[in-house]
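I opened this entry to look at one interface and one metal site. Notes follow in the order I looked things up.

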Amino acid sequence: MPNYRIHKTEYIDETKRISFKFDGKTYFGYEGDTLASALLANGIHLVGRSFKYHRPRGIVSCGAEEPNAICQIGSKKDLTEPNVRATELELYEGLQASSQNCWPNVKFDIGGINNFISPLIPAGFYYKTFMWPKSFWKKVYEPLIRLSAGLGKSPTEPDPDIYDHKYVHYDVLVIGGGVSGIIAAKMAAKNNLKTLLVDDKKILGGSTIYQNNESIKIDDKLSSEWLKIEIQEIKKLSNLTIKTRTSIAAYHGYNFLLAKENLTDHLPEEKKKNKIRQRLWKIRAKKVVIATGSIERPLVFNNNDRPGILLSNSINKYLDYYGVTCGENIILFTNNDSAYETSISLHKKGIMNTIVDIRKSASSELIKQAESLGIKIYFNHVVTNTFGYRKINSLEIMKLSEDGNTTVGNKIRLSCDCLGMSGGWTPMVHMHTQSGGKLDFRDEDQVFLPRENSEDQISVGSCNGDFDLENIIDKTVNKINKFLDIDNQDYQDTNIISSKENDKRNIWLLPNKIPLGKTKCFIDFQNDSTAKDIKLALKEGFRSIEHVKRYTTTGMATDQGKLSNMHALGIIADTAGVKMGTLGTTTFRPPFTPLTFGTLVGRNVGKFFEVVRKTSMHEWHVENNAEFENVGQWKRPWYYAKNGENMHDAVQRESKAARDSAGILDASTLGKIDIQGTDASEFLNRVYTNAWSKLAIGKCRYGLMLNEDGMVYDDGVTTRISENHYLMTTTTGGAANVLSKLEDYLQTEWPELDVYLTSVTDHYSTASICGPNSKKILNKLFPNLDLSDENFPHMSFKEDKLENINCRIMRISFTGELSYEINIESKYGHSLWKKCIEAGKEFNLTPYGTETMHLLRAEKGFIIVGQDTDGTMTPSDLQMDWIVSKKKYDFIGKRSLYRSDTIREDRKQLVGLLTDDPKEILEEGAQIVSNVKSKPIDMLGHVTSSYFSPNLNKSIALAVVRNGKTMKGQKLIIPMENKNINVTVSDTIFLDKENKRLNA
Amino acid sequence: MFLINCPFCGERDQSEFSSGGEAHIVRPKQPTELSDDEWAEYLFMRKNIKGIQFERWNHVHGCRKWFNVVRDTSNDKILSVYKMGEKPPVNYK
Ligand SMILES: [Zn+2]
């Protein structure tokens, strides 16, 4: 096996050998490697296939910007993960990785045929081609695209890993641990500011940490040596927290940032167990220093995507940090000085290399150094083509014309096994723009730079467009002193010698003799879009950068165009003849690098997914086979499946028992609001449609609450406990909103009212007993209470004790039966329930759930707000005009009840429906029509509630129908998929119209 | 995510609050005297300002108090907070 690890470095521990699998084959690397560096050490460049043309692709970079080396890791159903960048994945024992975008395998790939038919796959190809015939989409196109697109596989079983969230506050957050980040963090922390420094890498230091060029020195030391001392120093600072392997995902307003910390991704599998895998840090910082550095740009020329073509600085990092050379005969193709650093490093390690520079000449320290070492430099030359299928083996260069628009002279063929490209540097302005910052364009080196616009954040270092070390350090120190309003002198005497770049030349799309249509000049490697695609989009009339991006898909892959966006912009600007600065950029959206769902969700999984509210009787329901229904956050018994009954049978049994003898319902979840104050009656007058002033103490009243637009909002029974004290009940789901709304009116519209609202929903538990035998059961529970109709009539309230515990008993009914609601402090709820059940045994007291409750009230035509109403129903629409006071001058929603729209006669109105076949049960939500022949069919309304009533032995339904009030007795049709159901409009009350049962 | 300075509790995370739309819209004292159009003006019409906006917020997961906020919607900066019933600061218009 070839070995490209050519020297030892302090970052690779050669005593710790690690075996790992890539595409099923076993390889070895060392602790300190990333998957990418280990693969390169084994001579492997080819790691995947391109998305559209399935061209062989190799590792391009050494960081988050990597477009090609995207892997699927792990092989288990619950622990596999797609879209992992090999350049960021730290190697661990037992790692299993495979190339993601290739089928059936990386070396032989059916999709590779796309490469040869690529003239047929222009920009917008997917939009243009797979449009018709429509029937082909599901069966032919989609499976084909999916099979060959290779977007990775998601796990098929739940994620077993643990994720965590943490909320922290800092005076200063520094993003990025390179030279400028370290200086900023040190200055802040030494000035007594609580500081957090985060960096996405395993160690601090950025790209300077492996810098070893003699022409760049700080205080007479190599810059890397100087930086290591600085790092040692900041680690001692007590109010500085350093988080490595931590990347900022999002920068929101008010300096609220999200960071992802990787805690176990670098550990072997057995050591990951039971540990938190990733932690999401929610950071509030008073001030934020952005020191995120810059990313090297590729160059756009024909066949610039072959395996073995990398970014020049990445070649340098693989060499000096990982000890790995990317080739033995390397050509560096550049438009700036930084490739010379790589060249000199390679030369020092004895790696043959040649430089091709598009500049006519250059004269900095670095260039002199390269020249004196005898490195061959082709100035004013351009790479016009590359060769080699699975890896580059040679290339062609030509001389540039004076204006740089074309090539001149003869082709020169150079052999090589690796090509490094450097198109300059792009400052990472993502954080700045995410925070709302704007950008300015610097023509000199064609970069977008942060425009300083805030007192709360600042960019320093190369993300601010400062590229040479002297400039970086001086400007960082000055800016941080000003930004934090401090006077730090630590760097006053620091002596920096660095090489200054004097010569600049940039050509976004490098010239070629071959017509563009016949070249493959890639801009976005991951999404396979080329310079030709951009030009085609412009030709087809696209102008906005946002449109070109979407049409060509440039910059829309998982790397979000970190390497491609600038070139796309440059080519658009050049082609359209506009200045790049005026073109603007596409939007930089979070996350900076993809986040896992696990990190976002944290611990809110499984039973912690949402808050669950249980009543104090809950355990009894569980023990008695209740099936539960979620109502808001509450778990409510839906029905009790006795002896393995299904839902229908259980509901029929429960409903029958409640009317024949007695039923009991856990009504604890109803919202309860305690209302006190001398103006409580006046307040109720204003919030309900009916009158409250005359309600006697000890009496209950049903109320309907509207929105200001006149639509029904909530309903419930309110009891007058004493002169200035009421207890209001609301629907279970509406409780919080009703309280909020009432508070709003009280605080903002009627602050003069002396009223206090307190939510007491959780303070009381409620057992509701109904049915002809309920009085007998109550009598057993409260033997001293006079239950006669004279003393305790319907819609009244009494207090009594159950074994010394106070109870509030309301005689109110939602079923139409004689009915009592017993309220007790919640801690006694469970025992109250058990006592009721015990007392009711001889009367077949049957616990019933929400489904039976809904059925019983539907038999009586009582509405459920939110089921029979949907925010468009007035009291009149519900045929409840009786509850709207004509005398009251005002209440919430009153004025809206006679707007031109609310008094329309043909509004949808609540009616009853009876099916012609009494066994036929309608579907809730089904449409209602009068005629199925004329098309389009006129929709009259829909079914809102539907049940089979065991007490009436027939199907009943409530519905809203246009003009329904006038339609009693009329035949209508419910068209279903396979049949039309005939129904007759009826009264909404199906049972006991005279309310005799209330006093049974 | 805003930091909102509740006039009763101090600076808290936005997640503790709920927004209540435009401020200083007074419910008419005599709704019955209003025409449909006048009532609709109160009921439905709200400004959608780019720039300085006066709005209501409720510290719903805190003290439950409603209060007013002056916010520049173009950059989300909160310029001032004041209690219900207090006059809006005059230096913003
Ligand atoms: Zn508060």
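I started with the interface: chain B and chain A bury about 2400 Å² between them, and carbon and sulfur atoms give 44% of that area. On the chain B side, I find that Met1(B), Arg27(B) and Arg64(B) lose the most area to chain A. Together these three make up 28% of what that side buries. I note that the model is a predicted one.

Next I listed the contact residues. Chain B contributes 30 residues and chain A contributes 28 residues.

I get 6 salt bridges across the interface of chain B and chain A. One I looked up joins Arg895(A) to Asp36(B), with the closest N and O atoms 2.8 Å apart.

Which elements of chain B each supply at least two residues of the side that touches chain A? I find helix H1 (36-44), strand S4 (52-58) and strand S6 (77-83). The largest share, 5 residues, comes from H1(B). By type, the chain B side divides into 15 nonpolar, 5 polar and 10 charged residues.

Last, the zinc ion. I read its donors as Cys6(B) (SG), Cys9(B) (SG), His59(B) (ND1) and Cys63(B) (SG), at 2.0 to 2.3 Å. The angles among the 4 donor atoms run from 104 to 115°, and the site is tetrahedral. The donor spacing in sequence is C-x2-C-x49-H-x3-C. Cys6(B) sits in strand S1 (residues 3-6), and His59(B) in the loop between S4 and strand S5 (66-72). I note that this pair links distant parts of chain B, 53 residues apart.

Notes:
Residues are numbered from 1 along each chain as its sequence is written. Chains are lettered from A and ligands numbered from 1 in the order in which they are written. This is a predicted model: local features need pLDDT of at least 70, side-chain atom pairs count only at pLDDT 80 or more; totals for chains, interfaces and linings use all residues. Side-chain values use heavy atoms; hydrogens and water are left out. Contact means heavy atoms within 4.5 Å. Buried area is the accessible area (1.4 Å probe) that two parts lose on being put together, summed over both. A salt bridge is a side-chain nitrogen of Lys or Arg within 4 Å of a carboxyl oxygen of Asp or Glu. Helices (H or I, at least four residues) and strands (E, at least two) are DSSP runs, numbered from the N terminus. Ala, Val, Leu, Ile, Met, Phe, Trp, Tyr, Cys and Pro count as nonpolar, Asp, Glu, Lys and Arg as charged, and the others, Gly among them, as polar. Donors are N, O and S atoms within 2.8 Å of the metal (3.2 Å for Na, K and Ca); water is not among the atoms, so sites may look incomplete. Four donors count as tetrahedral if all angles lie between 85 and 135 degrees; four count as square planar and six as octahedral if opposite donors are over 155 degrees apart and all others between 65 and 115; anything else is irregular.
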